[in-house]
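The following exercises are meant to be worked with the model open. Try each task before reading its solution.

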Amino acid sequence: MAKLSFEETLIKVWRQALVKNADAVELGTKRYPVRKTPKRRLRQVDFVFNENEVRGLEQNPETKSRWAQMARSGKKVMQFLSEGRYVANVVDGKVNFYGRGPRTSR
């Protein structure tokens, strides 16, 4: 099986967590549980890509961002963080990277 790119991985996580409403995301042979945040009950999944920890977090529709506006309009929006920074989001199966995207080396 070919290794997925970071972009393909984000789409796969988004699709399983938000579209299929799965209770776990499967990436290769690994399964990562989809949890709900305590306060807002937003879906969240922590996974590893190229030895980097990444968190996918469902967009909170109650914030003022344009992503929240999309979420309020019914679009499925997931933000992705790595090392405490937002690196990308996925809206309706399309990836938007922030800044330079993921760091591939440390």
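Helices (H or I, at least four residues) and strands (E, at least two) are DSSP runs, numbered from the N terminus. The model is predicted, so that local features need pLDDT of at least 70 and side-chain atom pairs count only at pLDDT 80 or more, while totals for chains, interfaces and linings use all residues. Residues are numbered from 1 along each chain as its sequence is written, and side-chain values use heavy atoms, with hydrogens and water left out.

**Exercise 1.** Locate Asn 21 and describe its backbone and its exposure.

Solution. Begin with the position: Asn 21 lies in the loop between helix 1 (6–19) and strand 1 (24–27). Next, take the backbone, where Asn 21 has a phi near 55°, a positive value in a residue other than glycine. Finally, Asn 21 is exposed, because its relative accessible area is 53% and exposed means over 50%, buried under 20% and partly exposed in between (1.4 Å probe, protein chains only).

**Exercise 2.** Carry out the analysis for Asp 92.

Solution. Asp 92 belongs to the loop between strand 6 (85–91) and strand 7 (94–97). Although Asp 92 is not a glycine, its phi is positive, at about 50°. With a relative accessible area of 39%, Asp 92 is partly exposed.

**Exercise 3.** What separates the C-alpha atoms of Glu 8 and Gly 93?

Solution. First place Glu 8, which is in helix 1 and is partly exposed, with a relative accessible area of 42%. Then compare sequence with space: Glu 8 and Gly 93 are 85 residues apart along the chain, and their C-alpha atoms are separated by 9.7 Å.
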